[in-house]
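Biologist: Could we go through this model together? I would like to discuss its charged pairs and its interface.

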Amino acid sequence: MLSRVFAVTGQEIRIGLRNRWILLSALILAAFSLALALLGSAPAGTLGVDRMTITVASLATLSVYLVPLIALLLAFDAVSGEIDRGTLLLIFSCPISRGEFLAGKALGHLFVLSLALVVGYGATAALLFALGSGSAQSLMDFARLVATSALLGFAFLTLGYLLSALSRQTSTAAALAIGVWLVMVVLYDLALLGILVADTSNTFAGMVLPWAILANPADAFRLFNLAALGASDLVGGMAGISDTLPFPPEAALLSLLVFAAVMLTLATAIVRRLTP
Amino acid sequence: MNEKPLSLQAVVKTFADLRAVDEVGFDLEPGERVALAGHNGAGKTTLLKMILGLLRPDGGSISVLGAPPGSAAARAATAYLPEAVAFHKALTGEEVMRFFARLKGEDPTKALALLERVGLAEARRRRVGAYSKGMRQRLGLAQALIGRPRLVLLDEPTSGLDPISRQQFYEIIEEIAATGSTILLSSHALTEIEARTDRIVILSRGRLVANGTLAELRQNARLPIRLKVQGSTETAEEIATRLGGCRINGRSVELFCEPNDKVARLADIAALGSLVRDVDVTPPSLDDIYRHFSGADKTRASSC
């Protein structure tokens, strides 16, 4: 069973390396993170905080936008692309179960994404450390950022599989993926802010908002990372609420895992029913 | 005890209001090469998908080597080549073979030897994106041969191939059948499967309309044999009146006869002596037989 899962995983990693997906994602992540690290944190010295920790806080916000996009772009043709090429028919006529197939894809894509994150953010961390602006603690912050970014990516990978299995056509799946990214990463926050401003009774801020943040993996990711950095004072904004939450910040990580598990289960159920 | 490579009984599949497969039943014997013929949309691919367990029949039963279709035992013993499969362009032929060998639980190194068998040994390290259509199809066949499957299903394997590639394709298929594997290949190009298969199953609008060897189909169809008698401009009229045929193109007379009457009619023609310059005898072609069984036979009017 595992050998079949790993066959699919290996195939995805090979394709990721071959068509330069990993290289491109790593370059984008490195370019943005270096820009943030070298330019964005220049005035931070006066705060007396480690420059690298500031960078990690900025990168957490960067990850919220970039990582879901990279994950969705990796995942959107996982099922529909194989249908278009006719290979899904062939794969499903082999002794591999539909669950094994999706698990293999997910593992492969997670590896591709993690490699890009390690290389991309790692380049920035290495540079800052070499410049003497980091400590062992800030390296840990970097490691946590990379690991939780991978988890965030995984949540969006599984969402991508669900879209891919639902649409069955690569072009539709691509459009859906971009739409979902826009809604979950950009519009969701705007809507929350809008309601927050309009709501004068404060019931929304107390009762609904924390759970609304928990429900969206992008927000849950940001919440956890900023809380873990103790950086809410540095960055402000939405992170400020982490002190008044009705749950510990670790619940946000759990929410990411639950989100991924639910999406993967739904995607598997749909792929099981699908006739290639 | 039902160990036939494939056994279908009254299989039905309905899509919305379309009866795609309608009470189809036939058996395959070990080592047989059987052609599944039918026009586009006759239900060939639907039938193959049901045999693979990818579609569930609405009625009837299918058994693959005694196991239900789609079961682990059936999938392990079956290989499939879909119509117009396109492997990922970025992968090499070798990588595709290794991948499918792993999926089928076979030794990847052994699978690579199959590339040689289909004539892709030199292209094994090249990317599939750079392959010609014939090479891609041969890679598909090589993939289907991994692990010596006992039942090989090929969906339109030769469509779009040039004549030489086709010939090579059928030679490989012949070799596999010789090792005891059963082959079911679908096609709508009847002339090319004539000498390449042991039996022909014809589907028309989802129904099985014929099942037998070519000779049997010929006999059952009882299609007339066409005799073309060539005389000259002066004698054609006389030939036509004495034989009862139709004049065509001024010098020739065309007549049709039942297979049993062929010799008698030839004797009649010989009796005309010097009036006749030449005689062509044309048995019904495969396409004629196919048209006959698929109910599209609207030609062959008996009068002139």
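Biologist: Is B:R247 buried, partly exposed or exposed?
Modeller: In this predicted model, B:R247 has 35% relative accessibility and therefore counts as partly exposed.

Biologist: What does B:R247 form a salt bridge with?
Modeller: The partner is B:E237, with the closest N and O atoms 2.8 Å apart.

Biologist: Turning to chain A, how far apart are A:K105 and A:E12, N to O?
Modeller: Their side chains form a salt bridge at 2.7 Å. A:K105 lies in helix 6 (residues 98-130) and A:E12 in helix 1 of chain A, so parts 93 residues apart in sequence are tied together. A:K105 and A:E12 are both buried.

Biologist: Which residues do salt bridges with shared partners join into one network?
Modeller: That network consists of A:E12, A:E82, A:R85 and A:K105. Over all chains, the salt bridges number 28.

Biologist: Now the interface: how many residues of each chain are in contact?
Modeller: 23 residues of chain A contact 24 residues of chain B. About 2,400 Å² is buried between the two chains, with carbon and sulfur atoms giving 67% of that area. On the chain A side, A:R18, A:R85 and A:L90 supply 26% of the area buried against chain B, more than any other three residues.

Biologist: How many salt bridges are found across the interface?
Modeller: There are 2. The side chains of A:R14 and B:E95 meet in a salt bridge at 3.9 Å, N to O. Polar contacts across the interface involve 6 residue pairs.

Biologist: Which helix gives the most to the side of chain A that touches chain B?
Modeller: Helix 1 does, with 8 residues. That side has 11 nonpolar, 7 polar and 5 charged residues.

Biologist: Lastly, where is B:K104 found?
Modeller: B:K104 is in the loop between helix 3 (93-103) and helix 4 (108-117) of chain B. B:K104 is buried yet has no salt bridge, and B:E106, the nearest side chain of opposite charge, is 8.5 Å away. Among the residues B:K104 touches are A:C94 and A:P95.

Key: Residues numbered from 1 in each chain as written. Chains lettered and ligands numbered in written order. Predicted model: local features only at pLDDT ≥ 70, side-chain atom pairs only at ≥ 80, totals over all residues. Heavy atoms only, no water. Contact = heavy atoms within 4.5 Å. Buried area = accessible area lost by both parts, 1.4 Å probe. Salt bridge = Lys/Arg side-chain N within 4 Å of Asp/Glu carboxyl O. Polar contact = N/O pair within 3.5 Å; in protein donor to acceptor, adjacent residues only side chain to side chain. Helix = DSSP H or I, 4+ residues; strand = E, 2+ residues; numbered from the N terminus. Nonpolar A, V, L, I, M, F, W, Y, C, P; charged D, E, K, R; others polar. Buried < 20%, exposed > 50% of the residue type's maximum accessible area, 1.4 Å probe, protein only. Lys, Arg positive; Asp, Glu negative; His and termini not counted. Lists of a residue's contacts leave out its neighbours within four places in sequence.
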